[in-house]
Amino acid sequence: MRLLFATLVAIAGLIGPVAAETPAKQLFGAKAVGSQQRPAPLGSYAKGCVAGAVQLPETGPTWQAMRLSRNRNWGHPETVDFIRDLSTFAARQPGWKGLYIGDISQPRGGPMLSGHRSHQIGLDIDIWMRPPDRLNLSRGQREKISSISMRRAKGAFVNSDWTRQHHEILKAAASDKRVARIFVFPGAKVQMCKDAKGDRRWLRKIRPWWGHHYHFHVRLNCPRGARGCVDQNPPPRGDGCADAQKWVDDILNPPPPKPRDPNAPKPKPRRDYTMKDLPRQCAAVLQSD
Ligand SMILES: [Zn+2]
């Protein structure tokens, strides 16, 4: 018995420091299912994890989850509710059967082995720009089919695939109290600024960003009472349309690159997060059944 105990201590001593230095993305990337815990986003969008995440059903009445092999259709229960609601709205738009849903989070959130810096706490959702014309795609088809880009001139403008329905779906998402912000390419925001009639308050949450022309990215607020979940500062006041126009102007007429200070220290390459970087509770999320 004493020997067994001593052996266990020795093993723990060996594993402990190794796990502590292992990139957290390897530990979280190895988990196949969510933790058996009360649902809770822990930490911030780009540095955290999620307890008790649920899986978005692969196919619902108004959505399909895409690229199932990635196993990133896991989120906080409120995220799944939101997807049900927004896809129900989308399914009422002409030409749309609902929504194709891209990455949410890994089963326990956390950093990922590839792609995304955010999407770590089960509250970020990538939604394809491609209007779903059918919701009976097989698993194999969902690996192969691609979304459609909506941009022209490197994102300064929308192209002819952009429709009023895109506008209405993004507007519905931005008008939802659960939504903190939505990332989309600059040309789309400027187009929505031009096409918006009446109330413009929802435009505040539409944020111009790089990429995001094959999908838009919805970020939800921390759910009510979610202690340990860290909200981002809200977007600046106003509709943000002048700022989006500035992005577009910079795409069309790129400002000259800033001269580099030869004495400036070299920027450090981004270090992988280890468990020490994440909220303390994320260790329990990993260890839970
Ligand atoms: Zn995203």
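**Close-up views of a predicted model**

**Figure 1. The zinc ion is coordinated by His119 (NE2), Asp126 (OD) and His217 (ND1), at 2.1 to 2.3 Å.** The model shown here and in the views that follow is predicted. Along the chain, the donors of the zinc ion follow the spacing H-x6-D-x90-H. His119 has a relative accessibility of 1% and counts as buried. His217 has a relative accessible area of 5% and is also buried, because the cut-off for buried is under 20%.

**Figure 2. Backbone of His119 and Arg67, two residues with positive phi.** Most residues other than glycine have a negative phi. For His119, phi is near 65 degrees. This zinc donor is placed in the loop between E7 and E8. For Arg67, phi is near 50 degrees, again a positive value in a residue other than glycine. Arg67 is found in the loop between strand E5 (63-65) and strand E6 (74-75).

**Figure 3. The largest pocket holds about 430 Å³ of space.** Its lining consists of 20 residues, and those nearest the centre are Ser118, Phe183, Trp209, His212 and Arg219. Four elements each supply at least two residues of this lining: strand E11 (179-184), strand E12 (206-208), strand E13 (215-220) and helix H7 (241-252). Sorted by class, the lining of the largest pocket has eight polar, seven nonpolar and five charged residues.

**Figure 4. The second largest pocket holds about 350 Å³ of space.** This pocket is lined by 15 residues. Nearest its centre lie Arg117, Arg270, Arg271, Asp272 and Tyr273. By class, six residues of the lining are nonpolar, four are polar and five are charged.

**Figure 5. A disulfide joins Cys49 to Cys282, with an S to S distance of 2.1 Å.** Cys49 lies in strand E2 (residues 47-51) and Cys282 in helix H8 (residues 281-287), so the bond ties together parts that are 233 residues apart in sequence. The link of Cys49 and Cys282 is left-handed, with -100 degrees about the S-S bond. Cys49 is buried at 0% relative accessibility, and Cys282 is buried with a relative accessible area of 0%.

**Figure 6. A disulfide joins Cys193 to Cys241, with an S to S distance of 2.0 Å.** The pair links distant parts of the chain, Cys193 being in helix H6 (residues 186-195) and Cys241 in helix H7, 48 residues apart. H7 is also one of the elements that supply at least two residues of the lining of the largest pocket. The torsion about the S-S bond of Cys193 and Cys241 is about -90 degrees, so this disulfide is left-handed. Both Cys193 and Cys241 are buried.

**Figure 7. A disulfide joins Cys222 to Cys229, with an S to S distance of 2.1 Å.** The torsion about the S-S bond of Cys222 and Cys229 is about -80 degrees, which means that the disulfide is left-handed. Cys222 has a relative accessible area of 12% and is buried. Cys229, at 13% relative accessibility, counts as buried.

**Figure 8. The disulfide count comes to three.** A disulfide is a covalent bond between the sulfur atoms of two cysteines. With the bonded cysteines of the protein numbered in sequence order, the pairing is 1-6, 2-5, 3-4. The bonds in this view are Cys49 to Cys282, Cys193 to Cys241 and Cys222 to Cys229.

Terms used:
Residues are numbered from 1 along each chain as its sequence is written. This is a predicted model: local features need pLDDT of at least 70, side-chain atom pairs count only at pLDDT 80 or more; totals for chains, interfaces and linings use all residues. Side-chain values use heavy atoms; hydrogens and water are left out. On a 1 Å grid over the protein atoms alone, a cavity is a set of points where a 1.4 Å probe fits but cannot get out, and a pocket is an open set with protein on both sides within 12 Å along at least five of seven lines; lining residues have an atom within 4 Å of a point. Grid points are joined across faces, edges and corners, and a volume is the space filled by probe spheres set on the points. Ala, Val, Leu, Ile, Met, Phe, Trp, Tyr, Cys and Pro count as nonpolar, Asp, Glu, Lys and Arg as charged, and the others, Gly among them, as polar. A disulfide is a pair of cysteine sulfur atoms within 2.5 Å. Buried means under 20% relative accessible area, exposed over 50%, partly exposed in between (1.4 Å probe, protein chains only). Donors are N, O and S atoms within 2.8 Å of the metal (3.2 Å for Na, K and Ca); water is not among the atoms, so sites may look incomplete.
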